[in-house]
Amino acid sequence: MTDRRSVPARAVKPRRVKFAYPRGALRRHYVEGDLVMSHVVAVLSATFPPGEEFFVRSVRHYADRVTDPELAAQVRGFIGQEIVHGREHDRLNAELARMGYPTRLIDRMTDRSLKFAERTLPPRVRLGYTAALEHYTATIAERLLSDDGARALLGDTEVRSVLLWHALEESEHKAVAFDVFRETGGSERVRVRTMRVISALLLAHIAFGTVLSLCTDRAALNPLRLGASLARLRHSPFLAREVITKLRAYNRRGFHPDDVDAAELLDRWRAELFGPAGTLTANLR
Ligand SMILES: [Fe+2]
Ligand SMILES: [Fe+2]
């Protein structure tokens with residue numbers, strides 16, 4: 001193994017955090033009382049544990065081919081962070097299930113689809129999917145951290161805390177799967193192709209999961225409420241043109257996740273959440 005460095009130093013360290021959900025802490029529609037967004041966030045939360053396990057397996061497959069010691073350290077940090085994300089989203093999903101959301105069903109369906117992908121697709125394609133999905137999580141995460149309107153949607157519950165912590169770490173490790181893909185010989189052609197395919201699959205997954213989840217909620221039977229919530233979705237800060245442009249930038253030849261410099265944003269949120277007076281410092285174990 002040659003000792004060559006091609007990846008810049010990045011702070012990718014897992015934080016051992018824990019969140020709690022006392023009975024009745026969350027309202028049924030915990031995303032600022034919004035019907036559809038509450039279901040969308042539940043679908044995403046249910047998707048994270050099996051999804052992140054898939055990411056970890058996809059990256060780990062290539063770990064011993066990573067020759068850069070800095071990237072090797074970041075891979076360990078990435079795996080640690082994703083494992084804690086999965087564990088904490090499992091806890092949130094159990095609470096959402098108690099509230100009536102079909103998080104167990106969505107988790108199981110996602111896990112089965114990803115295991116099927118593992119049996120049928122080459123490791124390079126799985127790593128391409130992982131790098132592409134990490135671009136989605138990082139783009140949405142940076143939107144959440146940088147846009148007051150996006151954060152206002154989350155109200156003041158424990159869900160907000162979980163998502164802010166998760167967003168911070170998604171941005172911290174946003175280049176790891178990408179760099180592993182590139183450093184181990186992944187081509188631009190496969191990178192862009194896997195992004196195109198996984199974008200369609202992700203959209204279908206979220207749409208299907210949300211419809212399924214809404215079908216279990218009596219509030220969705222009220223056409224006025226459902227209509228108003230769908231209308232609000234069209235103006236969601238997460239679907240703004242700027243977000244779509246950033247997502248599409250991945251398809252450009254020569255793209256790198258560091259093209260969007262998040263260093264200042266990360267410094268601010270590290271202090272805000274986990275600094276000496278951080279709002280989540282007490283959640284660290
Ligand atoms: Fe994650
Ligand atoms: Fe991630």
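User: Is F19 buried or exposed?
Analyst: This is a predicted model, where local features need pLDDT of at least 70, side-chain atom pairs count only at pLDDT 80 or more, and totals for chains, interfaces and linings use all residues. Side-chain values use heavy atoms, without hydrogens and water, and residues are numbered from 1 along each chain as its sequence is written. Buried means under 20% relative accessible area, exposed over 50%, and partly exposed in between (1.4 Å probe, protein chains only). F19 has a relative accessible area of 1%, so F19 is buried.

User: How many aromatic pairs are there?
Analyst: Rings of Phe, Tyr and Trp (its six-membered ring) pair if their centres lie within 6.5 Å; planes under 30 degrees apart count as stacked, over 60 as edge-to-face and the rest as tilted. By that rule, the aromatic pairs come to five.

User: What type of pair do F19 and W165 make?
Analyst: Their ring centres are 5.5 Å apart. The planes sit at 45°, so the pair counts as tilted.

User: And F178 with F255, what type is that pair?
Analyst: Both F178 and F255 are buried. Their rings are 6.0 Å centre to centre, with 75° between the planes, and that aromatic pair is edge-to-face.

User: Which ring does the charged end of R191 sit over?
Analyst: A charge sits over a ring if NZ of Lys or CZ of Arg is within 6 Å of the ring centre and within 35 degrees of the ring normal. For R191 the distance to the centre is 4.7 Å, and the ring belongs to Y250.

Note on methods:
Chains are lettered from A and ligands numbered from 1 in the order in which they are written.
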